[in-house]
Amino acid sequence: MADLPSSARVVVIGGGAVGCSILYHLTRAGWSDVVLLEKSELTAGSTWHAAGNCPTFAGNWLIMQMQAYSIDLFSTLGDEVGYPINYHQTGAVRIAHTDDRMREFAHVADMARSQGRVMEMMGLDDLKSRVPQMELHDLKGGLWDPLDGDIDPSQLTQAYATGARKGGARIIRGCPVTGIDRNGEDWVIRSGLGDIGCRIVINATGYYAPDVAAMFLPHGGRMPPQIVMAHQYLVTEEIPDLQDAPGLPMIRDPDSSYYLRQEKHGLLLGPYENGGRIHWQGGDDIRPDDFSFQLFPDDLGRIESYIEDACERVPLLGSVGLQRVINGPIPYAPDGLPLVGPMPGVPNAFEAMAFTFGIVQSGGAGKIIADYITEGEPEWDAWSVDPRRFTGFADAPYAAAKGKEIYDHEYAMGFPHLQWPEGRNKRLSAIQPRLAEQGAVFGPFAGWERPVWFSEPGDNTDPQACATWDREGPWFNAVARECTNTRDAAGLLDLTGLTHYHLSGEGAATWLESRIAGGLPKPGRIRLGYFSSPKGRFAAEMTITRRAEDDFILMTAAIAEWKDLALLRNTLPAGLSLENTTRDMGVMLVTGPKARQVLEGVIEADLTKGWLTHQTARVNGQPFDLLRLSFVGELGWELHMPAAIAADAFDRLMHAGAPHGLKPFGMYAMESMRIEKGYLHWGNDLNADYTLAELGVPNTGPASRRMVSMIVEPGRRDAPGLSSIWQDGARVGLVSSAAFGHRTGQAIALGMVENGVEGAVEIDVFGDRLKAVIQPSMTLYDPANDRIKA
């Protein structure tokens with residue numbers, strides 16, 4: 001066993017597949033002064049009992065990139081480091097019982113092709129040809145992924161470790177971390193073998209991650225939103241028919257919720273059962289201090305129906321007995337995606353945890369963390385796994401409810417209008433009960449419950465009625481009503497949860513101007529400010545309201561609250577004040593041609609002030625910030641006020657607005673209207689895969705592609721994000737967002753296309769090519785902004 005050095009540039013805590021991958025990738029980038037600490041032996045946690053499946057299939061663009069990167073790496077890693085790994089690329093068929101599942105497959109296959117991968121849609125004859133042993137009852141078709149397969153998790157981890165050691169890294173086994181302290185800008189990691197100092201530390205400890213996270217609490221950390229689920233898979237005895245046969249492709253049945261593959265001369269079956277069990281939540285079920293190389297007791301009763309279903313699908317499975325059952329702990333985050341990136345609130349610390357598919361994601365995760373450390377930012381837009389996407393609302397009860405919900409619906413389709421029931425009502429605006437009385441159907445936005453549409457008597461508000469890819473569901477007519485009323489009269493939208501920072505202090509303007517592309521607004525004015533990454537890519541968009549010379553309100557998306565706060569704080573000079581006031585604010589948008597008449601009867605303000613102006617107004621004698629802007633492109637004002645006065649202000653507005661036709665509207669209507677205006681949305685259109693120049697920010701350099709608006713032939717479905725755009729048989733771009741524009745009566749998509757692409761194109765919408773036309777302007781509704789400036 002190696003001796004513990006006194007210091008290192010980087011310390012990785014945790015010796016599973018992910019931790020060893022991070023170490024390997026750091027050495028691959030040329031960083032040799034790196035150390036990994038493992039409390040037991042390498043692979044002793046979830047790695048050793050993992051099934052080791054290696055799909056490229058993913059409904060998330062980044063996860064597909066991570067998994068595809070890992071699979072490419074696995075094909076060369078063993079030879080590169082001189083350590084054999086047991087890797088089988090058998091390919092996989094995914095089978096579909098419904099047309100909606102086939103549409104999901106078609107979209108993922110389209111995404112894969114956009115990333116340079118190959119997936120093929122399959123008919124029933126294709127399925128039988130690939131897997132003759134499979135019965136085809138009640139199937140619609142399937143998907144073939146030629147790169148799918150499996151790998152030995154322990155051998156993979158040892159290969160990472162071997163490569164890391166050859167690159168100069170040190171691995172210290174039998175070294176439990178007992179505490180973490182600060183020494184100036186450095187960390188001091190205390191362990192059973194002594195102390196080691198470092199500049200950067202990574203928590204990659206799997207199901208032990210909360211223990212290590214607790215050591216960061218005195219340094220600004222938080223407990224990560226992670227739970228542990230028990231996942232079982234079983235391995236059969238040898239099956240004579242498989243002894244001399246070529247490798248059976250993996251079978252994945254997402255509608256029945258299991259995977260089935262060959263394991264040597266037997267079969268391996270792994271269900272994700274509805275009613276999965278959470279472990280180590282307290283009471284009589286507390287995790288031991290050391291759970292190395294251990295499992296939970298078998299619990300086959302939970303998965304009996306899944307075994308029966310799989311036996312009907314592949315009768316070979318039921319032809320022999322069981323050899324062994326694996327029932328082990330697997331971490332889950334509230335959305336089923338891992339936590340990979342900067343540790344919230346803590347400098348020079350990173351997290352790589354909550355991996356439900358850690359083996360196949362290990363390579364991509366190691367690359368992301370190494371990129372952060374050695375390059376300053378990842379090569380890919382890594383927001384969907386960034387730990388800061390979960391802010392203070394994601395407490396232990398939330399993590400438990402959502403994590404179990406994800407496990408119980410592991411293969412659920414991501415229908416865009418389906419609102420899942422668990423983990424709700426974590427953050428409520430002051431007017432939420434009043435909106436509920438008016439028929440609001442709510443959806444969660446970074447924990448905040450916002451109305452997405454407003455029902456009327458007779459509307460179907462059953463969430464399962466929204467389990468469709470179709471454009472027209474229970475919400476559609478309601479959204480049309482809301483858009484029409486906002487266009488013709490006035491609408492009110494609850495935007496509480498919009499992130500607010502208050503920046504002030506002498507020199508605040510000088511510092512802020514140095515951080516953004518373009519100039520600052522004058523006092524009393526508003527403008528958008530764009531922040532770039534070190535490599536010129538999109539980092540943040542904030543609405544900058546300048547109340548006085550050195551007094552600013554900075555606003556960003558609800559979900560970006562912790563990420564953008566870190567962006568600002570990381571370079572904030574001493575003497576400036578930056579306060580996160582989000583929790584204390586209530587925000588309402590009053591917009592539409594009669595918005596001025598509505599407000600005149602309620603607030604004290606100069607409503608003749610022009611577009612993009614700020615003033616301090618009053619309601620019932622109470623001051624608040626009044627901003628002349630509207631994200632839906634109508635005459636409008638945003639009212640930003642203390643939450644304590646928001647309910648009274650809402651009541652006054654609704655009473656005064658009734659004669660003018662004021663009605664509340666929801667986020668789906670806002671989405672429809674903002675797409676008609678060509679306004680870009682954080683996280684969809686605005687992401688780190690694009691440079692500021694590509695997003696149209698002036699004076700930020702050259703760009704080889706640009707964002708456009710397209711009118712699409714209506715069809716039955718809007719293009720899902722990341723649908724490919726085609727012209728003359730070539731892929732020329734990707735859709736970023738789409739919706740039906742009720743004011744224009746057009747199906748609209750926004751997307752990034754190569755420069756020079758104009759006119760007619762086609763968009764791949766769930767496997768169907770729909771005709772579309774690129775418009776000369778991003779703005780399809782009121783292009784001269786006459787209505788918003790009225």
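Reader: What should I know before I start?

Author: The model is predicted: local features need pLDDT of at least 70, side-chain atom pairs count only at pLDDT 80 or more, and totals for chains, interfaces and linings use all residues. Residues are numbered from 1 along each chain as its sequence is written, and side-chain values use heavy atoms, with hydrogens and water left out.

Reader: How many disulfides does the structure hold?

Author: A disulfide is a covalent bond between the sulfur atoms of two cysteines. The cut-off here is a pair of cysteine sulfur atoms within 2.5 Å. The structure holds zero. Cys-54 is in no disulfide; its nearest cysteine sulfur, that of Cys-20, is 16 Å away.

Reader: Is Cys-466 buried or exposed?

Author: Buried means under 20% relative accessible area, exposed over 50%, and partly exposed in between (1.4 Å probe, protein chains only). Cys-466 has 6%, so this residue is buried. Cys-54 is buried too, at 0%.

Reader: How do I find empty space?

Author: Rolling a probe the size of a water molecule over the atoms shows where empty space is left. On a 1 Å grid over the protein atoms alone, a cavity is a set of points where a 1.4 Å probe fits but cannot get out; a pocket is an open set with protein on both sides within 12 Å along at least five of seven lines; lining residues have an atom within 4 Å of a point.

Reader: What volume does the largest cavity have?

Author: About 50 Å³. Its lining has nine nonpolar, no polar and three charged residues. Among them are Arg-471, Val-712 and Leu-770. Strand β37 (residues 746-754) gives the most, with three residues.

Reader: And the second largest pocket?

Author: Its volume is about 1200 Å³. Of its 42 lining residues, the closest to the centre are Pro-342, Arg-388, Ala-566, Leu-567 and Asn-570. Helix α15 gives the largest share of the lining, six residues.

Reader: Which strands close into a barrel?

Author: Strands of a sheet pair through backbone hydrogen bonds, either parallel or antiparallel. Two strands count as paired if DSSP finds at least two bridges between them. Six strands close into a barrel here, in the order β34-β37-β36-β35-β38-β39, with antiparallel pairing. The twist averages 40° from one strand to the next.

Reader: How many bridges join β34 and β37?

Author: Eight, in the antiparallel sense. Look at Val-708: its bridge partner in β37 is Gly-751.

Key:
Points joined across faces, edges and corners; volume = space filled by probe spheres on them. Helix = DSSP H or I, 4+ residues; strand = E, 2+ residues; numbered from the N terminus. Nonpolar A, V, L, I, M, F, W, Y, C, P; charged D, E, K, R; others polar. Axes fitted to C-alpha atoms, helices over the stretch in contact; angles between N-to-C directions.
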